[in-house]
Amino acid sequence: MDDNHRILFYDTKPYDRRFFDEANGEFSFDITYYDGRLDKETALFAKGYPVICGFVNDVIDAETIKILKAGGVGLIALRCAGYNNVDLKGAYGNLHVVRVPAYSPYAVAEHCVGLMLTLNRKIHKAYYRVRDGNFSINGLLGFDMRGKTAGVIGTGKIGRCVVSILKGFGMDVIAFDPEPDQAFADQAGIRYAAIDELYRLSDIITLHCPLTPQTHHMIDKSVISEMKDGVMLINTGRGKLIKTEALIEGLKSGKIGSAGLDVYEEESEYFFEDFSMSMISDDVLARLLTFPNVIITSHQGFFTKEALANIANTTLENIREHFNGGYLRNEICYRCDKKPCRKKDLKRCF
Ligand code: NAI
């Protein structure tokens, strides 16, 4: 393998290495794994690598991009779907950026519904009670999901899987998406509604839209005040979709009955790391962790064997396309974003 096929992976854990090593059998790239996150300091390590591979909490801002480019990097290969952590404008014309648009929407959707069921039937509380010899079911009262209304915000790949599972429970599902797909709605037996109607009618609200300037803090104090009393709020999208202080106020007043969060606004400080022997200095996170009706998981929605295998294969395929010099099918740029531009002619974005 010549030096031109070297890839530096940032922010890797043992499970990343396992799945990428397995997938690399077919590609034989020269991979170096680095534990630390990518930011303007660690970008220097990429000098001499034509490709780097990053993840959700790497800080890929304009400065980081400048340093990567100066070191000879030509491609940032994200091993995730979301790309809100990349300054696409800074990258345009300098570095190509690719991602894994879909790897297992089922993984995230199933985790999302797992959070709903756990919160509703209080399984997280029941588990500890019974292990402690406490067989009382006082306080564990839930509700039938059947017949209740779920509001799904964003009916892309993940949102659609959630719709299908919730329809299986016999729920009434309403959805909001700025690009509604009526054929999907008809086939799934759901209806699209205006966003304020969704907030008003839903017993459970679940977020499956990307983080963009338009969706940043879309769930804030005023939106929460429109929701049903006791609503369950689930976020497996991105932490900054919710203004966390407003969520905490909603929980304290009882307006929000429960919350299941796989993502958190300031997760990059803590998620994926072991702080069990340290102190949590983020008072907002610490406050959230005190509520019995809040479950936080550490951005693990994607974490299934199938998803990791798909992520590894698609990422290495994306990188192979770059090394071959041709069209990058999973390229993203600030011009086309997810709408086709030059891609429609099977050309690179610049
Ligand atoms: P997708 O691109 O297939 O679907 C996103 C949908 O959101 C699209 O239909 C789009 O029209 C819609 N949308 C855009 N702006 C909206 C708005 N203002 N309000 C409502 N809907 C809006 O994306 P996919 O694969 O379904 O993923 C959704 C999000 O889930 C990703 O952007 C990512 O942030 C998050 N995610 C979380 C993971 C986890 O492990 N927790 C793993 C993978 C993705």
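Which polar backbone atom is 3.4 Å from an oxygen atom of the ligand? That atom belongs to Gly-156. This is a predicted model, in which local features need pLDDT of at least 70 and side-chain atom pairs count only at pLDDT 80 or more, while totals for chains, interfaces and linings use all residues. Residues are numbered from 1 along each chain as its sequence is written, and side-chain values use heavy atoms, with hydrogens and water left out.

**Ligand site**

- Asp-177 places a polar side-chain atom 2.6 Å from an oxygen atom of the ligand.
- A backbone N or O atom of Thr-236 lies 3.0 Å from a nitrogen atom of the ligand.
- Taken alone, the ligand exposes 860 Å², and the protein buries 87% of that. Accessible areas come from the Shrake-Rupley method with a 1.4 Å probe; for residues, only the protein chains shown count as cover.

**Salt bridges**

- A salt bridge is a side-chain nitrogen of Lys or Arg within 4 Å of a carboxyl oxygen of Asp or Glu. By this rule the count is 15.
- Arg-17 pairs with Asp-35, with the closest N and O atoms 2.3 Å apart. The pair links distant parts of the chain, 18 residues apart. Arg-17 sits in helix H1 (residues 14-24), and Asp-35 in the loop between strand E2 (30-33) and strand E3 (51-54). Helices (H or I, at least four residues) and strands (E, at least two) are DSSP runs, numbered from the N terminus.
- Arg-17 has a relative accessible area of 25%, and Asp-35 has 49%. Both count as partly exposed, the class between buried (under 20%) and exposed (over 50%), using a 1.4 Å probe and protein chains only.
- Lys-243 bridges to Glu-245, with the closest N and O atoms 4.0 Å apart. Lys-243 is partly exposed at 33%, and Glu-245 is partly exposed at 43%.
- Arg-329 and Glu-321 meet at 2.6 Å, N to O. Glu-321 is buried, with a relative accessible area of 10%.
- Glu-26, Glu-317 and Arg-320 are linked in a network of salt bridges.

**Arg-348**

- Arg-348 is found in the segment after helix H12 (305-324).
- Arg-348 is buried yet has no salt bridge. The nearest side chain of opposite charge, Glu-331, is 5.7 Å away. Here Lys and Arg count as positive and Asp and Glu as negative; His and the chain ends are not counted.
- A polar atom of the Arg-348 side chain lies 2.5 Å from the backbone oxygen of Gly-326.
- Not counting residues up to four places away in sequence, Arg-348 touches residues including His-96, Glu-321, Tyr-327 and Arg-342 (heavy atoms within 4.5 Å).

**Helix H10**

- The buried residues of helix H10 (residues 244-253) are Thr-244, Ala-246, Leu-247, Ile-248, Gly-250 and Leu-251.
- Their cover includes helix H9 (221-226), strand E10 (231-235), strand E11 (256-261), helix H11 (283-288) and strand E12 (294-296).
- Gly-254 follows H10, and its phi is positive, near 90°.

**Thr-314**

- Thr-314 lies in helix H12. At 21% relative accessibility, Thr-314 counts as partly exposed.
- Thr-314 and Ala-102 are 212 residues apart in sequence, yet 9.0 Å apart in space, C-alpha to C-alpha.
- Thr-314 touches Val-100 and Asn-330, not counting residues up to four places away in sequence.

Definitions and conventions:
Polar contact = N/O pair within 3.5 Å; in protein donor to acceptor, adjacent residues only side chain to side chain.
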